[in-house]
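Me: I am new to this structure and would like to learn how to read a few of its features. Could you take me through them one at a time?

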Amino acid sequence: MLENIRLSLKGIWSHKMRSFLTMLGIIIGIAAIIAIVSTIQGTNEQIKENLIGAGDNTVEIALYQGDWVYEMGGEGIPEGVPVIDEKTLGQVKDIDHVEDASLYLSRQDYGAVYYLNTALSGGSVVGADRNYFNTCSFIIQKGRGFTERDYTEFRKVALLDKDSADVLFQGEDPLGKTIEIKKEPFTIIGILSKSKEFEPVINSIDDYYTYAQESAGKVYVPDTVWPIIYQFDEPQNLIVKVDSTDSMTNAGKEGASILNARLNPSDDTMEYKAEDLLEQARKIQELSESTNSMLIWIAGISLIVGGIGVMNIMLVSVTERTQEIGLKKAIGARKSNILGQFLTEAAVLTSMGGIIGVISGIVLAEVISKVSEMPVAINIPAAVGSVLFSMIIGIVFGMLPSYKAANLDPIEALRHE
């Protein structure tokens with residue numbers, strides 16, 4: 001085998017231009033496939049990141065009435081929806097791949113939050129439990145967070161995110177200032193933010209509505225003081241942190257099932273549902289799947305063309321080396337030896353084309369990324385698979401010339417001019 005590879009490389013090097021032109025179809029096909037697959041994968045990752053965010057791997061589980069999130073308002077607290085206790089929260093934390101879980105209350109209450117005459121229009125108020133900020137990967141940028149005494153002594157203190165601080169205070173230092181939430185005074189003790197900043201890409205009106213609430217700003221208060229501004233025993237939401245993005249869907253579904261088991265079975269309109277952003281990302285990715293597959297098939301045509309070129313040049317090589325084949329057979333070379341030599345030469349030729357194609361495809365993908373500002377992600381399995389596939393093309397399309405060479409009559413071959 002090693003001897004056949006050495007002879008193959010020697011033959012390719014002795015006909016450099018011819019070999020390169022023969023490999024060109026393979027190089028173009030592999031490069032196109034690598035570039036397309038890398039662009040597709042990069043775009044899919046961008047879609048996933050746009051929906052899921054900065055990678056904190058959290059899933060929100062909220063109470064729904066029908067197809068809509070239940071909004072606390074004029075209807076009051078729904079019947080048959082008990083408060084989530086510590087035992088139930090513990091069951092959620094025991095789900096596979098769940099790292100942490102937290103309970104919180106939330107209201108998007110227009111005109112509820114004021115600083116002097118400035119209202120937090122469109123923002124929301126969040127009642128956070130003791131574990132909320134760790135679960136959601138928040139960090140304190142300025143001031144301090146909630147302490148145990150803030151919870152146990154029912155202190156009316158609040159934290160702001162950057163958006164709510166900008167809206168309410170417009171550049172003024174908010175620490176120590178007092179805001180009103182439902183006409184109750186709350187002291188600002190800190191400014192917080194996500195540990196990883198995330199700037200969503202807004203490409204459509206649907207994207208705008210998806211992220212509008214996030215960008216409107218939030219005010220956080222201890223959940224123990226929630227009844228002071230709203231009501232006792234309001235339905236809580238649950239947020240679950242998992243170990244990886246791919247675990248989000250299953251963890252969300254299992255968490256929702258645990259909460260639904262505690263609801264009143266006679267009211268089938270109320271149900272806890274997990275916000276399945278990963279599934280939304282998959283659906284968006286599937287919309288372009290048919291187009292992407294077509295592009296890959298078109299690029300694959302050049303591989304077939306390249307394979308035909310390999311077959312053609314190998315047939316020429318058999319004709320040129322007829323006397324050499326006859327001499328080898330005359331001194332005892334078997335059909336399998338001749339067949340192996342020519343198959344190896346074809347496989348080496350196309351494998352070299354595949355390697356050059358992979359390198360060219362990676363460079364092309366990076367160029368596309370720079371020019372179009374589209375993200376790319378190099379797919380290592382696709383690169384390795386492309387080289388192996390190019391080798392298979394060499395074997396398949398080299399079979400006919402190799403078979404022809406192996407079946408030459410040694411006497412006729414030696415007489416060949």
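This is a predicted model: local features need pLDDT of at least 70, side-chain atom pairs count only at pLDDT 80 or more; totals for chains, interfaces and linings use all residues.

Me: How many helices and strands does the chain have?

Reply: Helices (H or I, at least four residues) and strands (E, at least two) are DSSP runs, numbered from the N terminus; here there are 15 helices and 13 strands.

Me: Which residues of helix α6 are buried?

Reply: Buried means under 20% relative accessible area, exposed over 50%, and partly exposed in between (1.4 Å probe, protein chains only). In α6, which spans residues 162-169, the buried ones are S164, A165, L168 and F169. Viewed down the axis of α6, they fall within an arc of 100°, taken from the directions from the helix axis to the C-beta atoms, so they line one face of the helix. Their cover includes β4 (113-115), β8 (157-161) and β10 (184-194). Just after α6, Q170 has a positive phi of about 50°.

Me: Is M391 buried, partly exposed or exposed?

Reply: M391, which lies in helix α14 (residues 380-406), is partly exposed, because its relative accessible area is 32%.

Me: What share of the chain is buried?

Reply: Of the 417 residues in the chain, 44% are buried.

Definitions and conventions: Residues are numbered from 1 along each chain as its sequence is written. Side-chain values use heavy atoms; hydrogens and water are left out. Contact means heavy atoms within 4.5 Å.
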